[in-house]
Amino acid sequence: MHITPLNPKDEGHQARKRFGQNFLHDQRVIEKIVRSVNPKQGETVVEIGPGLAALTAPLISEVEHLTVVELDRDLAKGLPSRVPYPERLTIVEADALKYDFSQLVNENKPLRIVGNLPYNISTPLLFHLLTFGNAIQDMHFMLQKEVVERITAEPNSKEYGRLSVMIQYYCQATYLFEVPAGVFNPPPKVTSAVFRLVPYKDKPIIAKNEQKLAQLVAHVFTQRRKTLRNSLKNMLNDGAFERTGIDEMARPETLTLAEFVALADEMV
Ligand code: SAH
């Protein structure tokens with residue numbers, strides 16, 4: 001295990017690499033994130049991975065109640081002493097990857113989820129969160145910029161791929177701003193970015209079978225340079241391209257979400 005010492009004001013906690021710990025220490029960036037979230041009284045706000053409370057402290061000043069989900073027991077223990085209104089804090093010591101977030105919904109108020117996420121589990125965590133659908137109002141997260149660009153990418157860009165299509169099937173995804181490595185302790189190797197996901201209450205485009213959509217999208221993007229005709233050989237009903245009006249000579253990065261769904265609906 002690699003241990004990187006933090007500066008003395010972090011009260012001796014040593015960042016644990018296996019928990020993806022990179023702690024924010026720049027007040028301006030912290031305020032910018034909190035302003036993007038814009039939490040209001042009465043909302044149900046949940047933070048994933050509070051760490052040393054960089055975001056937790058300003059968030060808790062804005063709401064009556066804040067729930068945090070933290071895997072590292074030592075950090076969880078230290079949290080009450082690091083926030084201004086500890087009586088407003090509920091600490092859930094759990095793995096966010098396995099946690100049932102729907103149990104935090106009360107009075108039918110969907111969750112607003114926030115986090116500077118552990119980068120090593122970002123993709124499975126996002127897909128786990130997407131399973132809670134209408135229990136979530138929105139999510140504001142920080143991840144590697146490169147991943148955020150893929151999540152928010154539009155067709156015909158080099159970032160557009162499986163992650164873009166699958167996340168955008170469930171959510172509206174917005175790139176917000178970039179965050180340089182130097183504002184973290186220890187600094188990660190890459191530039192980060194903050195983004196917003198708003199799960200659709202009613203999805204604008206619905207696949208007959210979401211598993212088939214996921215399978216098709218994964219398949220065509222592992223063969224990015226192949227035409228759809230070649231990569232989807234024997235996977236679609238006869239006449240699928242004619243019926244959907246999609247050019248069989250096209251490459252996957254040119255297709256919109258609606259077109260992927262149309263093809264997935266033609267899978268045999
Ligand atoms: N929000 C803090 C810490 C970010 S580091 C800040 O911005 O400074 C990522 C945090 O996620 C750490 O506190 C780490 O312990 C926690 N974490 C890592 N894996 C987790 C998991 N599976 N479930 C919940 N928290 C996790």
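## Contacts and overall build

Let's start with how the chain meets itself: among contacts (heavy atoms within 4.5 Å) between residues at least 6 apart in sequence, 65% join residues at least 24 apart. Please keep in mind that this is a predicted model, where local features need pLDDT of at least 70, side-chain atom pairs count only at pLDDT 80 or more, and totals for chains, interfaces and linings use all residues. Residues are numbered from 1 along each chain as its sequence is written, and side-chain values use heavy atoms, leaving out hydrogens and water.

The C-alpha atoms fill a box of roughly 65 × 40 × 30 Å along the principal axes. Of the 268 residues, 49% count as buried, meaning under 20% relative accessible area with a 1.4 Å probe, protein chains only.

## Aromatic pairs

You can find 6 aromatic pairs here; rings of Phe, Tyr and Trp (its six-membered ring) pair if their centres lie within 6.5 Å, and planes under 30 degrees apart count as stacked, over 60 as edge-to-face and the rest as tilted. One of them is the edge-to-face pair of F101 and F132, at 5.8 Å centre to centre and 70° between the planes. F101 sits in the loop between β6 (89–93) and β7 (111–116), and F132, 31 residues away, in the loop between α4 (122–130) and β8 (136–144). F101 is buried at 0% relative accessible area, and F132 counts as buried at 14%. Ring pairs also join Y99 with F101 and F132 in a cluster.

Terms used
Buried < 20%, exposed > 50% of the residue type's maximum accessible area, 1.4 Å probe, protein only. Helix = DSSP H or I, 4+ residues; strand = E, 2+ residues; numbered from the N terminus.
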